[in-house]
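Let's walk through this one together, from the sheets to the domains and then to the ligand. Keep the viewer open as you read.

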Amino acid sequence: MFFVANEDEIRKGLTSDIYFSRAEEILKKKNINKHVIAEFTAQFLPYPWAVFVGLPEVIELFKDKPVNVWTMKEGTIFRARDEGGVPVPIMIIKGVYKDFAVYETPALGLICESSGIATKTAHIKKVAFDKTVLSFGVRRMHPAIAPMIDRSAYIGGCDGVSSVLGAKLIGKNPSGTIPHALVINLGGVSNAIIAFDKYISTDVKRIALVDTFGDEKLETIQAVEAIGRKLYGVRLDTPHSRRGVFADIIREIKWELAIRGFKDVKIFVSGGLDENTIPELSEAGADGFGVGTSIANAPTINFAMDIVEMDGKPVAKKGKFSGRKKVYRQIKDGELIFKVISYSENDFCADGWEEMLVPLIKNGKVVYHKQNIDDIREYALDQLKEINDL
Ligand code: PCP
């Protein structure tokens, strides 16, 4: 068996922390039915901003349950706090606390990890500009979440994903090149790319892996000599023990391809990439990046869920701001600005501001207009283009 929860167990709150079940039991036995509003906020962010992802699974968790939920849209870029230092709620839930107590754990888990992956990817895509970024990291994490990893990476800006199920979830063909194991099995890059060209459907780009045994320049020339104009690109996954100045290897290969009349052959790189290492490689001429660990194992966004109102009165634990709130945002001259006000405040002029929390679930019924994955990704990338800070 695999050590994973099934969908029914998640929906029943069986993955939750036991103290929520015990709290629910006590409240039921004492017949305590407090009507509360709880808000989801990020304590800190690994960057000045983050991308909010995870809504379809939050819907799966809360639909048909006696709650009301408001949320930011999938793919929204947000900050942890507004200009005045007030935490920015990205989602709020309203109902009788004991009716949703046990779902705090999965509700957070469904947005923390996916938002972290999309956030990291967005920071990588921002420095890669229009160059290709591929999600190559599903092997780094538990296979049960491979579709979530690739979907979140796609929303964050990846142009393609490597896993079969991840690609199916986003309605795309999976992206990949050649593993070292195939080159080893076939005795070298020439045999490998010839076999790839012979047996793999012609709609799959021919990208030769050129760092298995020989020098990357040598193996690139072998790949070109093997399949000529059918070669779309080469991939350098050069081990760190051999990298030296990786950017110079890229420059050298670009040169060697060009003087042989193959200047259009693309150069892809992979292995240990992130937003810090990509700019230099991009400037050296790399056309695309296969990013694994830094996306799949991205820092989680540490959202928390906290009661802020009970039976109509503001209440919150230390460190949290009580009372229901409204959230406004504007992106002005590249500046991403949030304004959080009390729900009851009437003298805030919202002109030029976008109100960010929209209805997701009303009395257990889904009222949110589900967007298609490409519209969500486009929304995230459009915001990315508008904001200045990294
Ligand atoms: C991995 C694979 C991915 C790379 C590393 C992602 O290489 O090629 O593209 O690296 P990262 O996690 O550091 O970002 P291997 O597993 O060594 O090679 P192969 O391609 O043969 O599986």
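Two strands count as paired here if DSSP finds at least two bridges between them, and the strands themselves are DSSP runs (E, at least two residues), numbered from the N terminus. What you're looking at is a predicted model, in which local features need pLDDT of at least 70 and side-chain atom pairs count only at pLDDT 80 or more, while totals for chains, interfaces and linings use all residues. Residues are numbered from 1 along each chain as its sequence is written, and side-chain values use heavy atoms, with hydrogens and water left out.

Start with the six-stranded sheet. It is open, its pairing is parallel, and its strands run in the order β7-β6-β11-β10-β9-β8. At the edges you'll find β7 (160-161) and β8 (207-209); each has a single partner strand, so one side of each is left without a neighbour in the sheet. Look at the β8 end: three bridges tie β8 to β9 (residues 233-236), and the two run parallel. To find your place there, spot Leu209, which sits opposite Arg235 in β9.

Now for another sheet. This one is open too, with three strands in the order β15-β14-β16 and antiparallel pairing. Its edge strands, β15 (335-342) and β16 (354-355), each pair on one side only. Strand β14 (residues 325-332) is joined to β16 by two bridges, running antiparallel, and Arg329 stands opposite Glu354 in β16.

Zoom out to the whole chain. It splits into domain 1 (7-115 + 299-386) and domain 2 (123-296), with bounds that come from an automatic or database domain assignment. The C-alpha centres of the two domains are 37 Å apart. Where they meet, 16 residues of domain 1 are in contact with 17 residues of domain 2, contact meaning heavy atoms within 4.5 Å.

So what surrounds the ligand? There are 13 residues around it, and Arg139, Arg140, His180, Gly272 and Thr293 come nearest; to be near, a residue needs a heavy atom within 4 Å. The shell divides into three nonpolar, six polar and four charged residues. In that scheme Ala, Val, Leu, Ile, Met, Phe, Trp, Tyr, Cys and Pro are nonpolar, Asp, Glu, Lys and Arg are charged, and the others, Gly among them, are polar.

Next, the ligand's oxygen atoms. One lies 2.6 Å from a side-chain N or O atom of Thr293, and a polar side-chain atom of Arg139 is 2.7 Å from an oxygen of the ligand. Gly292 uses its backbone instead, with an N or O atom 2.8 Å from a ligand oxygen.

Note on methods:
A polar contact is a pair of N or O atoms within 3.5 Å; within protein, one must be able to donate a hydrogen and the other to accept it, and residues adjacent in sequence count only if both atoms are side-chain atoms. Helices (H or I, at least four residues) and strands (E, at least two) are DSSP runs, numbered from the N terminus.
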